[in-house]
Amino acid sequence: MLSRRNPQLNKNGELIHLLSIEGLPRAVLHQILDTAGTFLSVNEREVKKVPLLRGKSVFNLFFENSTRTRTTFEIAATRLSADVINLDIARSSTAKGESLLDTIANLSAMHADMFVVRHGESGAPYLIAQHCAPHVHVVNAGDGRHAHPTQGLLDMYTIKHYKQDFTNLTVAIVGDIVHSRVARSDIHALTTLGVPEVRAVGPKTLVPGDLTDMGVRVCHDMAEGIRGADVIIMLRLQNERMSGAMLPSAGEFFKNYGLTQEKLALAKPDAIVMHPGPINRGVEIDSSVADGRQSVILPQVTFGIAVRMAVMSTISGNNA
Amino acid sequence: MKILIKNGRVIDPASGRDETADIAIAAGRIVSIGQVSPEFHASRKINATGLIVAPGLVDLAVRLREPGHEHEGMLESEMAAAVAGGVTSLVCLPDTDPVLDEPGLVEMLKFRARNLNQAHVYPLGALTRKLEGEVLTEMAELTEAGCVGFSQAEVPINDTLVMHRALQYAATFGYTTWLRPQDGFLGNGVAAKGALATRMGLSGVPAIAETIALNTIFELVRDTQARVHLCRLSSAAGIELVRRAKAEGLPITCDVSVNHLHLTDVDIGYFNAAMRLTPPLRQQRDRDAIRAGLADGTIDALVSDHTPVDEDMKALPFAEAEPGATGLELLLSLALQWGEESGLPIAQTLSKITSAPVRVLGESLGSLASSAGKLVQGGVADLCIFAPDERWAVQPGALKSQGKHTPFAGYELPGKVKCTVVSGHVAHEAF
Amino acid sequence: MSTLHLDAEALYRDLVGGVRGLLQPDALLVGIWSGGAWLAERLQQDLKLGGEPGVISSALHRDDFDKRGMSAGSGQTRLPFEIEGRHVVLIDDVLYTGRTTRAVINELFDFGRPASVTLAVLVDRGGRELPIHPAYSAARMTLPAECRLSLARGDAGRFSFNIKEGE
C-alpha cells in the first residue's frame with residue numbers, strides 16, 4: 001500500500017481545499033471557527049465587504065440544484081470582494097455529454113481561482129481537486145452522501161456560540177443518517193472537537209449499525225437518543241426513502257422520530273434544536289418546535305455566511 | 001522451428017517435476033525434457049540459467065474487448081499483453097458488442113486470434129441471447145464453434161425459472177455454466193457494505209448478495225446436476241459456503257481475482273477509481289479467507305480478471321466510473337507475491353495459474369486437455385520462462401495493454417517474464 | 001547580542017505627553033492590535049478620557065494576504081463608538097514600512113467617515129515604503145531590515161521591547 005497525503009492539506013499542513021472534515025486536525029477546525037467570528041462582526045457593519053479575495057474569480061459549480069446553498073456561497077464570496085460566476089451545470093454542458101473533467105478544464109481556461117462544487121456523487125470534488133491547476137482551490141458544497149463540510153463547520157460554530165465548551169456535551173443527530181452528507185460532516189467535526197457523546201438516532205433502515213465505526217452511539221429508540229441531550233440536530237427526510245422501501249410513510253416516521261414538544265422535554269431544558277434546512281414541517285419536526293425558543297435554525301443561516309467567508313479566505317491564502 | 005531451452009529450473013506443478021533440465025521443442029511440441037538427444041540441432045538456444053521454466057499460464061478471466069469495445073482494447077494490444085505476462089491460454093468473456101451469442105462471432109474471434117499467433121483463446125459463449133436472461137443460446141452450435149462454457153458475465157439472471165432451465169439444458173450436454181454469484185437486487189452498490197462505505201457515503205453491496213446467490217445456485221445444481229464454475233468470489237462467508245458445497249460433492253469449481261487476493265476496501269483511499277471493481281473489494285477478514293481458500297484448494301484457480309477500461313471512463317466520480325482493472329501483465333507477479341507472503345512452495349503457487357485452471361476447463365479443452373497447463377513430453381509447447389526474484393515497478397504507461405488502470409500502479413512486484421513460448425514459437429521475450 | 005537598549009516605560013511616559021498635545025475635544029483613541037492596543041488602553045486611563053479605546057486590526061485589509069494567508073491570532077477590530085465625523089488618533093507601538101497603518105486606515109473607513117485621522121507611535125524605525133507620517137513619535141531611529149522590534153507587556157502590565165536581530 002502506497003502512502004497517501006490528505007489532498008486538502010499542503011506540505012506544511014495548511015488547508016488548500018475544503019473537501020471533507022475527516023482527517024483535518026482539531027487546530028485547523030478551531031482556526032476556521034475563530035476566523036468565522038471575525039467575519040460575523042464584519043457582517044454586522046454597514047460596509048460588509050473586505051478585499052481579501054479581490055481580483056479572484058469564484059465559480060459556483062452546482063451539478064445538483066440548490067438555490068439556498070449557492071446563494072450563501074455567493075454572498076460570502078461577494079463580501080470577500082471576489083467575482084462570482086454561477087454555473088448551472090445540470091442544465092448545460094454535462095447534459096450535452098461533456099465530461100466532468102472537460103468542464104473543469106474549460107473553466108480553468110477562464111482563469112478560475114476557486115471552484116465551489118456541489119455534485120450528486122460522493123468523491124466528485126476529490127477528482128476535481130486532483131485535476132485542477134495548483135493555484136486553484138476547491139470547496140466541497142456537498143458531494144453525494146459523503147460530506148458537506150461547510151455545513152458541518154457552521155453547525156459547530158452554532159454549537160460553540162450557544163454552548164461554548166465541546167468537551168462536555170451530548171449531541172443527538174436524528175433522521176436519515178445513512179443518506180446524509182450533513183450527518184457525516186457533523187459526526188467528524190463533533191468527534192474531532194472532542195464531544196464525548198454523539199448519538200445517531202433513527203430506524204435501522206436509515207441508521208446502520210456500522211456507524212459506530214465513526215465514533216457514534218447508535219439509538220433506534222428516539223426517547224433513548226434524545227434523553228439528556230444538549231444539542232439536537234434534526235435531518236431532512238427525503239421522499240425517495242418511501243419509494244426505496246426504507247420507510248412506510250412520512251406520518252409513521254413523524255410518530256416515531258419526529259421532534260415534538262413532548263420529545264424535546266426529554267432533552268436538557270436548555271438544549272438547542274438545529275436543522276440544516278430546508279425543514280419539512282410535520283415530518284421530522286413540529287412547527288411549534290421549529291419556531292420555538294430552543295430553535296436556533298435561523299441563526300444557523302447567519303453563521304453560515306460567516307463560516308463560508310472564513311473557509312474561502314483561509315484556503316485562498318494558502319499555497320499548494 | 002527447433003528451440004533448446006538450456007539449464008532452466010523446470011517446474012511442472014501437474015507432475016510434481018522440479019529440477020534443472022534442458023527442454024527441446026520442435027514443430028510446436030515438447031520433444032524432450034532433460035536428456036535431450038545430442039542430435040537435436042536447435043535453430044534457437046535460450047539460456048535459462050537462474051530462471052524458472054514453467055508451463056504457460058492459463059488465465060480463466062480475460063476481456064479482450066473485441067468485438068465492439070475497440071476504444072478500450074484491441075485484440076492486438078491485449079494479446080500482446082497476454083504473452084508479455086506469460087499467459088499462453090486465456091478464456092475470454094462474452095460481454096462484447098455484439099455479445100458472443102452466435103457461432104459466427106465466435107468463429108471470427110478465434111480466427112482473428114489464431115492469425116495473431118500469440119496466446120490460445122478459449123471463448124465463453126453467452127448463456128442467454130444478448131445476455132438478456134430470457135432466451136437460451138444455441139449452446140451446441142457455440143460449443144462446436146469453440147466455446148468452452150457459457151456465461152452471463154456481470155449480468156445476473158433474476159428469474160429463477162430461466163436459471164433453472166438454462167442449467168438443465170446445459171446439464172443435458174455436459175456443458176459448464178460460468179456464473180458470478182451476485183444477487184441482482186442486493187448487488188447494486190459500488191463498494192462493499194461496511195464501515196468504510198458508510199463513512200465514504202458509497203452505496204454498499206452486502207456479503208449476503210453473494211451468499212444468497214450462491215445458495216440459489218447450489219440448490220439449482222443439486223436439482224439439475226449441472227456443472228457450474230463460480231467466478232470471482234469475494235467474501236469469507238461465500239468461500240465457506242463453497243467449502244461445504246464441495247464437501248457435499250456438488251460439481252462446482254471457483255476462481256478469485258488477483259485484485260481480491262491482495263486488496264481491501266481501505267485501498268479505495270480518496271475515491272481512487274482504479275479501485276472501482278466488481279465484485280467490490282471487501283474487508284480484511286474476507287481477504288484473509290480468500291488467501292486461505294486459494295491455498296487449501298477451496299478456490300481452484302487464480303485469474304487476472306483483465307478488464308481494460310478507457311481513460312475517460314475512469315476519470316469520473318467513483319460511483320460513475322466503469323469498474324475493471326488491467327491484469328494480464330500482473331497475474332504471474334501477483335501470484336508469486338501471494339505465494340511468497342503465504343510461505344508456499346513455488347510449484348503450488350504456479351499450480352493456481354497453470355494446472356488448476358486447466359482442471360476447471362476439463363473436457364471442454366478437447367484434445368489439448370492432456371497437455372495444456374503442463375509440461376509433458378509430446379505435449380503442446382506453451383511455456384513461460386521467468387526470473388522469480390527480479391523485481392519490476394508497475395508503470396501503467398509501459399504496459400502493453402490498452403487498459404492502463406491498475407490498483408497496483410507504482411507497486412514493485414516480484415517475477416519478471418523473460419520469454420513466452422506459444423505452440424513452439426517465441427511469442428514474447430524481454431531478456 | 002543586542003546592542004540596542006530601549007526603555008519602553010520611559011518612552012511611554014513621553015508618548016503620554018505627545019498624545020495629550022494631539023488630542024482635540026472628543027477625540028477617539030484607537031490602538032492598532034496588539035502593541036498599539038495595549039498602549040491605547042493605558043493612554044485612555046492616564047489621559048483620563050473615560051470609556052474605552054477602540055482596537056483595530058489590519059487582518060482584513062493586509063496587502064500581503066496572497067503570500068501569508070489568514071494568520072491565526074491576528075486580532076479582531078472592536079470599535080465601541082461611531083466613527084462618523086470624529087477625530088481619530090491611531091496608536092501603534094512600532095512604525096516601519098507603513099503598510100499596517102494603510103491597512104488599518106482602510107479598515108477604519110469601512111466603519112464610517114472620520115473628521116480626521118492622526119497617528120502617534122512609540123517608535124518610528126524608518127524604512128517607510130508608503131507616504132505615512134506620524135504626528136508624534138517618542139523615539140526615532142534607523143534599524144537594519146533583519147532586526148525585528150515589537151512591544152511586550154509583562155505581568156503587571158509593564159512594557160518592554162522584544163528585539164530580535166537576524167533571521
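Reader: Where in chain C does C:Ser34 lie?

Author: C:Ser34 lies in the loop between strand E1 (28-32) and helix H2 (35-46) of chain C; helices (H or I, at least four residues) and strands (E, at least two) are DSSP runs, numbered from the N terminus. This is a predicted model, where local features need pLDDT of at least 70, side-chain atom pairs count only at pLDDT 80 or more, and totals for chains, interfaces and linings use all residues. Residues are numbered from 1 along each chain as its sequence is written, chains are lettered from A and ligands numbered from 1 in the order in which they are written, and side-chain values use heavy atoms, leaving out hydrogens and water.

Reader: What kind of peptide bond joins C:Trp33 and C:Ser34?

Author: That bond is cis, with omega about 5°. Most peptide bonds are trans.

Reader: Why is the pair B:Arg199 and A:Glu22 called a salt bridge?

Author: The term asks for a side-chain nitrogen of Lys or Arg within 4 Å of a carboxyl oxygen of Asp or Glu. Here the closest N and O atoms are 2.7 Å apart, so the pair qualifies as a salt bridge. Across the interface of chain A and chain B, the rule finds two salt bridges.

Reader: What makes A:His111 count as exposed?

Author: Exposed means over 50% relative accessible area, buried under 20%, and partly exposed in between (1.4 Å probe, protein chains only). A:His111 has 63%, so it is exposed. A:His111 also has a positive phi of about 60°, although it is not a glycine.

Reader: How do you know that B:Lys130 is exposed?

Author: Its relative accessibility is 57%, so B:Lys130 counts as exposed too.
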